[in-house]
Amino acid sequence: MDKLVIEGGVSLKGQVSISGAKNAALPLMAASLLASGKHTFANVPRLRDIRTMQVLLSNMGAVSEQGDRFELDTSDIRTFEAPYELVKTMRASVLVLGPLLARYRKARVSLPGGCAIGARPINLHLRGLQQMGVDIELDHGYVIASASRLRGAVISFDQVTVTGTENLMMAATLADGVTVLQNAAQEPEVVALAEYLNKMGARIEGAGTTEIKIDGVRELTPSDFTVIPDRIETGTYLAAAGITNGHLKLRGCRPDHLDAVIQHLAQAGLAIEAGQDSLEVRRVSKIRSVDVKTRPYPAFPTDMQAQFMALMALGDGVSLITEQIFENRFMHVLELKRLGAEIELEGRTAVVRGVRRLSGAQVMATDLRASASLVLAALAAEGVTEIHRIYHLDRGYETIEKKLAAIGAKVWREKT
Ligand code: EPU
């Protein structure tokens, strides 16, 4: 197992190229099951989760190769299963459920268990599919789903769910009649998926709003698509500039996907200038303590909560950070405290009292974004921090230590 070693205290300066978004690439890969043949994707990040989805699809008979472009051939799909071994390492594996049912009318997908950030059930995915006429049985931890045909339905989500919206949108593309998804997720990744599905011949309207209408078609054909930039990676590097009092230019990003993040970081004392596909960021004051509440897009994302907390750990006052998406996404709090942060948990709110300095220590990564927050805190801390279990980081941040080293960070990977 690798650990990341960081000697903190350097102001980061220079340019960072932002990678393609993991959470946009994964649904696109699952969508390839909807149309037999060769799909081509550009800007797919090289990450563990992408590799896991590749293995999952190849177990079903897909052939893929990641070179400059990502080629995915789904001409010969023979099995319709997402096994426990893969779903337990990556919950996004459930994204194959909708496409398999739409195209092959059957699927056997392991139920994901709870994970480090919460219980994360898939009841809303399953209920929506049932409304479309799918029979669902739970057997030995697996969802066994089948349908003679899928029919359009009006599906109203009790709670906004990103992969739930994606799964049902994919299922509806080949259903008989019209499906309406109400209280749908509005995330840019949902919009990108709808754009690719429409490019394949689907008829989807309203993606990016709370109501998405899908008029089922008989068949889809493979096409090509460029994955949108990773807004969470972008936000993480913005925070890195802030916490190290640095000056960065981020290239290949989509500033318009980060309005809420940019607004909060600006309040916290960062000057952020947006270009068409770039952002320039530097700190212009001490770090100011700012409150934040996570909510579905376009509000402040839960996937930036931990990183924002690292910044607030060095704020000039008290910051209240309220997590409203996942009930248990505070595993980073104890680790940040090991670095000297003063944080108390009151239910779903973390009360962060800014301190003057953090100091290096041994810490443990517990999930992807928690790991990113530890990296940020370590970059600002005095002395050396060792972050253990960084395989979490490799799930979602492409070549993070190379990107950080290129802007001056003293960071390296060691075997433990
Ligand atoms: N929920 C239910 N029932 C469902 C589905 C969701 O109760 O059937 C609840 C969840 O437990 C949670 C809330 O609804 O409390 C929202 O969950 P959502 O379904 O939106 O999360 P997700 O689709 O599983 C995606 C991202 C996450 C990101 C969340 C929220 C992908 C592959 N994953 O997860 O990304 O945190 O949306 O924005 O798109 C990450 O990248 O680090 C990550 C965890």
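The buried residues of helix α9 pack against α8 (231–243), β16 (270–274), β17 (278–283), β18 (292–293) and α10 (305–312), where contact means heavy atoms within 4.5 Å. This is a predicted model, in which local features need pLDDT of at least 70 and side-chain atom pairs count only at pLDDT 80 or more, while totals for chains, interfaces and linings use all residues. Residues are numbered from 1 along each chain as its sequence is written, and side-chain values use heavy atoms, with hydrogens and water left out.

Helix α9 spans residues 259–267, and its buried residues are Ala260, Val261, Ile262, His264 and Leu265. Here buried means under 20% relative accessible area, exposed means over 50%, and partly exposed lies in between, with a 1.4 Å probe and protein chains only. Helices (H or I, at least four residues) and strands (E, at least two) are DSSP runs, numbered from the N terminus. Just after α9, Gly269 takes a positive phi of about 110 degrees.

A search of the whole structure finds four aromatic pairs. Rings of Phe, Tyr and Trp (its six-membered ring) pair if their centres lie within 6.5 Å, and planes under 30 degrees apart count as stacked, over 60 as edge-to-face and the rest as tilted. Phe41 and Tyr196 are both buried, and together with Phe225 they form one aromatic cluster.

Phe80 and Tyr104 have ring centres 4.9 Å apart and planes at 40 degrees, so their pair is tilted. Phe80 is in the loop between β5 (69–73) and β6 (81–82), whereas Tyr104 is in helix α4 (residues 97–104), so that the pair links distant parts of the chain, 24 residues apart. Both Phe80 and Tyr104 are buried.

The ligand has 22 residues around it, of which Asn123, Thr161, Thr163, Asp303 and Ile325 come nearest; a residue counts as near if one of its heavy atoms lies within 4 Å. Helices α1 (22–31), α5 (123–131), α6 (162–173) and α12 (368–380) each supply at least two residues of this shell, and α5 gives the most, with three residues.

| Residue and atom | Distance to a ligand oxygen atom |
|---|---|
| Val162, backbone N or O atom | 2.8 Å |
| Asp303, side-chain N or O atom | 2.6 Å |
| Arg369, polar side-chain atom | 2.8 Å |

The protein covers 89% of the 830 Å² of accessible area that the ligand has on its own, with areas from the Shrake-Rupley method and a 1.4 Å probe.

Most residues other than glycine have a negative phi, and most peptide bonds are trans. The peptide bond from Tyr297 to Pro298, however, is cis, with omega near 10 degrees, and Pro298 is in the loop between β18 and α10. Asn183, in the loop between β11 (178–182) and α7, has a positive phi near 55 degrees, and at 30% relative accessibility Asn183 counts as partly exposed. Thr399 lies in the loop between α13 (391–394) and α14 (400–406), where its phi is also positive, near 35 degrees; with a relative accessible area of 39%, Thr399 is partly exposed.

Terms used:
Polar contact = N/O pair within 3.5 Å; in protein donor to acceptor, adjacent residues only side chain to side chain.
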